[in-house]
Amino acid sequence: MNLGELEKKKYTRREIMAVALARQIKDGMVCIAGTGLPLIGATLAKLTFAPNAVILSETGIIDGRLEELPTGVSDTRFAYMASAWWPRYRYCGFLLRMAEKIDLGFLGGAQIDPYGNLNSTCIGDYHSPKARFTGSGGANGIATNVNTAIIMRHEKRRFVEKVDYMTSPGWLDGPDGRRKAGLPENKGPVAVVTTLGVMRFGEESRRMYLSEYYPGITPAEIQAQTGFCIDVSGAVEAEKPGEDVLGILRQLDRDHIYI
Amino acid sequence: MLMSCKEAIDKFVNDGDTLAIGGFTTNRKPYGLVHEIVRQRKRGLYIEGSGAGGETDLLIGAGCVKLLINAYLSNGAFGNIGRRFRRAVERGELEFDDYSLDVQPLRFHAAALGMPFMPVRYLLMGSDLEKKWGIPAERYRQDPKLPTAKLKIGEDPFSPGEKVVYLPVPKIDVALIHVQKAAFDGTARIEGPVFVDDDLAMAARHVIISCEELVDPEELRREPWLNQIPLIIPDAVVHLPFGAHPSQCVNYYDYDPEMMYLYENVCQDDSLYENFLQEYVYSLEAHRDYVEKIGRVRLDGFRVDEKNYVQNLSRRRS
């Protein structure tokens with residue numbers, strides 16, 4: 001389960017996950033990032049691979065010049081020299097009126113199923129849960145309207161056949177799911193960045209498959225940590241995080257807020 | 001209009017009222033007003049929340065809250081879940097329902113404009129937010145404090161066949177809002193992000209404003225376009241410097257990481273939590289005692305610089 005001994009000395013799992021997350025953001029993209037690891041992924045991307053990416057959040061911040069790591073989406077660090085900080089209701093216009101301008105949204109969750117349906121609400125019964133979390137936040141609207149990259153700890157109990165509560169729709173029950181439900185058909189989860197690798201979704205099947213595994217991790221280990229059958233046949237080893245990127249990441253989060 | 005915190009909460013917040021709280025998670029949260037509600041041991045409150053933070057968690061932890069309609073509750077990276085909220089739900093001590101951070105501002109906006117309901121497309125649809133209701137349908141129908149349903153699914157009357165979600169407007173008794181500047185006539189200015197607060201002020205039956213600085217009305221009236229809250233809206237203006245501590249207040253101060261982590265720690269143990277309430281709320285008579293307790297020197301260390309935060313502020317867990 002651990003990264004290979006040699007690789008492990010060079011970076012932690014959260015570090016490689018943060019770098020993998022940042023790599024989902026290409027220069028010039030318009031992305032929505034929420035609290036948690038998406039914030040460090042977005043900040044790292046802005047400072048390295050994607051200086052011209054535009055990051056927005058459900059608090060109404062649009063295109064902050066991130067210099068220091070924000071602890072949440074209302075942190076003024078997220079808004080430094082931003083293009084605008086709108087009232088919150090106006091942000092809804094990005095989802096409902098201008099979704100075509102958004103390339104990618106970032107979400108986190110507690111449970112995910114093979115079609116990328118996501119639970120960030122509770123474990124167990126919704127009314128008397130074993131564990132209760134914060135709830136949707138902005139996730140439901142993002143998942144419904146724009147393509148998403150999802151950040152997960154890769155554990156068997158989190159990668160499940162059926163989520164206990166579907167906070168945010170993925171591809172629902174497969175290729176036709178969104179059309180049947182009356183949701184935007186061509187938007188949905190495109191990547192799941194985990195502590196072990198990067199998953200993507202079949203163009204036709206809309207089912208999750210293993211795309212990349214981190215150096216030191218094997219596809220068999222990933223299958224063992226996934227609670228449903230996952231196609232690992234086409235997977236390749238992920239690019240190692242460069243020393244320079246790791247250096248920037250560690251300087252950025254020197255207080256160990258996220259990593 | 002101008003009154004003490006004690007008087008404002010005593011006069012305008014009743015047991016069983018529905019509150020809406022301004023700010024967002026760790027930004028401009030009206031902690032001073034919330035502390036006074038805890039101190040006066042208000043009970044049975046309903047909360048219409050959206051970007052809730054430690055202030056709502058505190059009201060739950062102190063036993064003031066009966067029912068929470070919300071979308072998110074956390075102090076961001078200072079503790080990724082409102083732990084007293086979580087514990088109350090897991091122990092069956094809190095009634096709750098879930099919306100999302102896009103839907104709640106739209107509901108508040110509709111309430112502020114007097115709309116009968118808010119129709120939306122492509123939000124909540126197809127998820128368990130639509131299908132599983134935290135509060136049973138019958139309870140919605142019977143409690144006059146609640147709308148008659150969480151939502152209804154219907155058709156767009158102008159585009160037959162298109163599915164629409166109808167959201168009810170919230171009924172808010174009291175809005176609690178901390179602002180940077182207010183005047184004794186009731187005029188108030190939020191410097192920095194407004195979030196949903198102008199809508200809350202307009203939607204609520206009563207509005208309590210706390211402010212960093214109490215200024216002459218003339219100062220605010222010189223640039224009326226910068227004021228979100230006109231004099232006829234608030235019921236009370238309370239002067240509470242550092243009234244949003246330990247959250248951020250744009251143009252004034254950054255958040256207090258040590259206090260955020262302290263809250264996260266005490267939340268994990270019932271007796272530690274009780275001691276915390278005793279030490280930081282019940283044993284203090286008023287907000288000025290809280291300011292003294294935190295310490296002027298420490299608070300001055302959070303004064304924002306030109307980037308509107310404290311550069312290189314340590315946020316290391318102690």
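I began with helix α4 (residues 88-96) of chain A, whose buried residues are R88(A), Y89(A), Y91(A), C92(A), F94(A) and L95(A). Buried here needs 20 or more other C-beta atoms within 10 Å of a residue's own, with C-beta atoms placed from the backbone. Helices (H or I, at least four residues) and strands (E, at least two) are DSSP runs, numbered from the N terminus.

A note on the source: this is a predicted model, where local features need pLDDT of at least 70, side-chain atom pairs count only at pLDDT 80 or more, and totals for chains, interfaces and linings use all residues. Residues are numbered from 1 along each chain as its sequence is written, while chains are lettered from A and ligands numbered from 1 in the order in which they are written.

Next I looked up the partners of that helix. The buried residues of α4(A) pack against β2 (54-56) and α5 (139-145) of chain A, together with α5 of chain B.

I found 50 residues of chain B in contact (C-beta atoms, placed from the backbone, within 7 Å) with 49 residues of chain A. On the chain B side, β5 (72-73), α4 (83-90), α5 (103-113) and α6 (128-131) each supply at least two residues.

Then I checked the domains of chain B, with bounds from an automatic or database domain assignment: domain 1 (1-115 + 171-318) and domain 2 (119-168). Their centres, taken over C-alpha atoms, are 29 Å apart. The contact takes 13 residues from domain 1 of chain B and ten from domain 2 of chain B.

Last, I visited M259(B) in helix α10 (residues 257-266) of chain B. M259(B) counts as buried because it has 20 C-beta neighbours inside 10 Å.

Definitions and conventions: Two residues are in contact if their C-beta atoms, placed from the backbone, lie within 7 Å. A residue is buried if 20 or more other C-beta atoms lie within 10 Å of its own, exposed if 12 or fewer, and partly exposed in between; C-beta atoms are placed from the backbone.
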